[in-house]
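Subject: The model you asked about

Hi there,

Here is the structure I promised to pass on.

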Amino acid sequence: MNRLKLSLLALIASLSVSTMGASIDHIQNYSAEYGGNPAQQGAINVGSTVYFNPAGLMRLENGTYFVGGLQYAFGDQNMSQDGRDFSTNLASPIPNFALYKKTDDGAYFWTVGGVGGGATLEYKDSIPLTVSGINFNQFLSNTNVEGSNMYAQTTLGKAYNLTDKWSASVAIRGVYGKRTLKAKSNVDKDITAGDLIGKPNLKLPLIKAGEASIDSERTAVGIGAQFGLNYAPNDKLNVGFRYDSKVKMKFKTKSDVNDNTYGPEINLGSIHSPSIGLSDALLGLYPVYKDGEKIRRDLPALAALGASYKVTDQWTTFIGGNYYFNESATMDRIGKTSTDYDNGWEISVGSEYWFTNQFAWLVGFNYADTGAPDKSFAATEYALDSTMIGTGVKYRPNETMEWTVAFNHYFYDTRTVENIKYEKEISSVGINFVKKF
């Protein structure tokens, strides 16, 4: 039975992933400008500073600003084993909004957007299900698995000057998380104990032929804090820092299970086993999808540090990095086993060059180490390290309006764990709009 449980777990292993995750659940593409230049940690601009370096808002002109944008991610994920590919396409819209007002006395800001998770993934023709040398796809057919993972965040805060060179910010963060799983599979023939241990003559029945399905939704709400510092020693150099605290999230599950694969009760002398079905095997090993369960899965804390340097009046360069405190976050458990994640990190560089007063060119690079160990791939995560390159353009038709259009592409490291090859390829296009009143 343990082998069967492990095989069923594989149905959901590939669904607890971030589309463009910088580290486990986190994403960083808070605005479209990130797609053209990901090194926004120390930037001072009207379209993204409110998200990445809110303490730097005090370096902008006085006024009220509205920011709105949309990014669209697309690509595919693929797992392969013994010459068979298991693929799924993905598509994910990521909106962002912000409103802030800056005066000499301070800046009040509010943002809404994605902070973690990714697209809905659907595997229409199963996924690798070989455990301990047994290919469990031989027992199942019409296996369809669909899952999603989404975190939305809103921040409300204030920035203020400490000195003529130093400014700070403080904010409260509200996060809503939603993780879903829909799975359906047919058991083609009765599964016996002999099938599982490689002894065909042992005809002890366990699971009957039939169909099992699960439709599960896990939701949670959490509160966190945000702190920022900005240092501008002169007109050329700017340094920004932001710390987002860990957000504790206890996910509650609502689940609907239909299963007609229950086998007979087993009574062999002193050995007694109740009737079990395909769904029991799944929920017994991975209880987070059982109706009524409440289990912690936190959004880890992160620290962001970056700088921008104005080389000329037209050309500004950027560098930045993020550090993710995965080790201090409580994550999902599988049965009684938890997966230990390493802390993650990433580094970015970028450039912005204004050809005229109206048009600028953006370009950037980012490398992310997720902190996911090999053993996590066999549990609940599928987080690959990545290299991202991006480019974009800015257009300012006048002094109160700015448009940004950007494109980026993620090159993911290929990883093979227990004879399963994991691959991913994702691109994103986005547009951002800023209006100053």
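Trp345 counts as partly exposed, because its relative accessibility is 35% (buried means under 20% relative accessible area, exposed over 50%, partly exposed in between, using a 1.4 Å probe and protein chains only). Before you go further, note that this is a predicted model, where local features need pLDDT of at least 70, side-chain atom pairs count only at pLDDT 80 or more, and totals for chains, interfaces and linings use all residues. Residues are numbered from 1 along each chain as its sequence is written, and side-chain values use heavy atoms, with hydrogens and water left out.

Back to the rings. There are 13 aromatic pairs in the structure (rings of Phe, Tyr and Trp, the last by its six-membered ring, pair if their centres lie within 6.5 Å; planes under 30 degrees apart are stacked, over 60 edge-to-face, and the rest tilted). Trp345 and Tyr367 make a tilted pair, because their ring centres are 5.7 Å apart and the planes sit at 50°. That pair links distant parts of the chain: Trp345 is in strand E21 (residues 344-354) and Tyr367 in strand E22 (residues 359-369), 22 residues apart. Strands (E, at least two residues) and helices (H or I, at least four) are DSSP runs, numbered from the N terminus. Tyr367 is partly exposed too, at 23% relative accessibility.

Another tilted pair is Trp403 with Phe433, with centres 4.6 Å apart and planes at 50°. Here Trp403 comes from strand E24 (residues 401-412) and Phe433 from strand E26 (residues 420-436), 30 residues apart. Elsewhere, Tyr30, Tyr34 and Phe52 form one aromatic cluster.

Strand E22 also holds Ala368.

Now for the inside. The largest nonpolar core has 62 residues, and Tyr100, Met249 and Tyr422 have the most contacts inside it (a nonpolar core is a set of buried Ala, Val, Leu, Ile, Met, Phe, Trp, Tyr and Cys residues joined through side-chain atoms within 4.5 Å). A second, separate core of seven residues includes Val145, Leu181, Ile214 and Val288. In soluble globular proteins, nonpolar side chains tend to be buried together.

Two serines are worth a look. Ser169 sits in strand E8 (residues 166-187) and is buried at 3%. A polar atom of the Ser169 side chain lies 3.4 Å from the backbone nitrogen of Ala55. Among the residues that Ser169 touches, leaving out those up to four places away in sequence, are Pro54, Phe109 and Gly228 (contact means heavy atoms within 4.5 Å). Ser255 is in strand E13 (residues 250-259) and is also buried, at 17% relative accessibility. Apart from neighbours within four places in sequence, Ser255 is in contact with residues including Ile214, Tyr289 and Asp291.

The average pLDDT (the predictor's confidence in each residue, from 0 to 100) is 86, and 89% of the residues score at least 70. Where is confidence lowest? That is helix H1 (residues 2-13), with a mean of 43, whereas strand E12 (residues 237-244) is highest at 98. Over residues 1-17 the pLDDT is below 50.

Cheers

Key:
A polar contact is a pair of N or O atoms within 3.5 Å; within protein, one must be able to donate a hydrogen and the other to accept it, and residues adjacent in sequence count only if both atoms are side-chain atoms.
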